Amino acid sequence: MKSVVIHSARDLRIEDRPARDPGAGQVEIRMAAGGICGSDLHYYNHGGFGTVRLKEPMILGHEIAGHITRLGKGVTGLEVGQLVAVSPSRPCHDCAFCRKADYIHCLNMRFYGSAMPFPHVQGAFREVLVADATQCAPADGLSAGEAAAAEPLAVCLHAARRAGGLLGKRVLVTGCGPIGLLCIIVARRSGAADIVSTDLTSFTLRMARQNGADSTVNVGQAPERLAAYEAGKGYFDLLFECTGAAQALVGGIAALRPGGTVMQLGLGGDMQLPVQTMTTKEIQFRGSFRFHEEFFSGVELMQKGLIDVKPLITQTVALEDAESGFQLASDRNQAMKVQISF
């Protein structure tokens with residue numbers, strides 16, 4: 001089967017990899033759509049991120065959906081031909097965290113397309129995938145592209161859950177890439193009173209306005225507009241920090257009111273925090289990493305028409321054009337979410 005394999009920075013290849021039969025409790029899935037994520041781009045452009053580096057060739061991809069082609073022994077509740085969104089998280093269910101149902105922090109997590117462990121966890125950008133039935137969320141009524149967007153949506157739903165109630169809150173979203181855009185959509189659905197988003201390109205800021213942001217700030221061209229929110233010790237109740245850039249985090253904290261909350265989603269390596277400001281303003285800092293049950297909640301929200309991810313998907317490329325898709329996805333002047341059609 002054809003697979004999208006990264007060997008090193010800018011060395012992306014379409015290779016044949018062996019397929020395998022589904023075992024007990026597993027299903028075989030003919031892949032239909034896969035979204036190129038920011039972590040995929042880090043592997044493609046830089047060979048990794050932070051201390052996580054490629055040490056061997058790795059199949060990329062974890063935002064995926066496809067149609068079931070075979071059922072393993074004992075599988076119930078799923079059907080051949082059915083479209084499913086596939087959660088990339090596979091906790092071990094045996095470690096100390098899993099025994100407490102704290103699956104996100106599983107000590108032996110096998111997350112598709114991750115170079116964190118070695119040997120690396122191979123990803124899902126392949127024509128045929130064998131997955132556990134428990135990873136599969138039936139996506140009846142959705143397109144394959146929508147179903148493949150369940151994973152980034154789940155990231156934002158988990159962040160919103162950790163943030164607490166958003167009803168009536170003033171929200172700042174720094175970074176209007178796919179995660180930032182979905183945070184805007186989730187915050188709007190959750191009843192936020194005012195949503196302001198920041199970025200560096202007119203394309204992403206326009207997308208933010210079209211999908212729920214009340215106003216936007218180009219911090220590259222007019223940083224003083226964000227600084228205006230610092231008056232009176234700050235304006236915002238909550239910051240969704242989606243860039244992983246220290247400058248965005250520091251600027252966002254300055255605009256938070258006393259007692260406000262930082263939800264850190266962006267991953268860009270270690271950053272220095274303005275601890276004195278955070279202490280005197282009694283700012284709460286909360287990390288948000290991955291998701292678990294929110295994956296299935298996100299699929300249901302899309303099926304009910306409560307969240308629309310279609311505007312997120314700006315381009316789709318064929319499998320054989322995967323590298324052009326990665327190049328396109330790296331350009332925030334024209335692309336939001338690029339998906340690969342299998």
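Axes here are lines fitted to C-alpha atoms, for helices over the stretch in contact, and angles run from 0 to 180 degrees between N-to-C directions. Keep that handy, as the tour starts with two crossing helices. This is a predicted model, where local features need pLDDT of at least 70, side-chain atom pairs count only at pLDDT 80 or more, and totals for chains, interfaces and linings use all residues. Residues are numbered from 1 along each chain as its sequence is written, and side-chain values use heavy atoms, with hydrogens and water left out.

**Two helices that cross**

- Helices (H or I, at least four residues) and strands (E, at least two) are DSSP runs, numbered from the N terminus.
- Look for helix α1 (residues 38-46) and helix α11 (residues 322-329): their axes come within 10 Å and cross at roughly 105 degrees.
- That makes α1 roughly perpendicular to α11 (65 to 115 degrees; under 35 is roughly parallel, over 145 roughly antiparallel, and the rest oblique).
- On the α1 side, D40, L41 and Y44 meet E323, F326, Q327 and A329 of α11; contact means heavy atoms within 4.5 Å.

- Three strands make an open sheet, ordered β2-β1-β6, with antiparallel pairing (two strands pair if DSSP finds at least two bridges between them).
- β2 (11-16) and β6 (58-59) sit at the edges with a single partner strand each, so one side of each has no neighbour in the sheet.
- Six bridges link strand β1 (residues 2-8) to β2 in the antiparallel sense, and V5 has R13 in β2 as its bridge partner.
- Helix α11 turns up again here, lying across β1 and β2 and running at about 150 degrees to β2.

**A tucked-away glutamate**

- E146 belongs to helix α3 (residues 144-148).
- At 11% relative accessibility, E146 counts as buried (under 20% relative accessible area; exposed is over 50%, partly exposed in between, with a 1.4 Å probe and protein chains only).
- Setting aside neighbours within four places in sequence, E146 touches M302, D308, V309, K310 and I313.

**Helix α5 and its cover**

- The twelve residues of helix α5 (residues 178-189) should span 16 Å at 1.5 Å a residue, and the end C-alpha atoms are 17 Å apart, which agrees (the expected span is 1.5 Å times one less than the number of residues).
- Nine of the twelve residues of α5 are buried, including L181, C183 and V186.
- Among the elements covering those buried residues are α4 (150-163), β12 (194-199) and β18 (337-341).
- After α5 comes G191, with a positive phi near 95 degrees.
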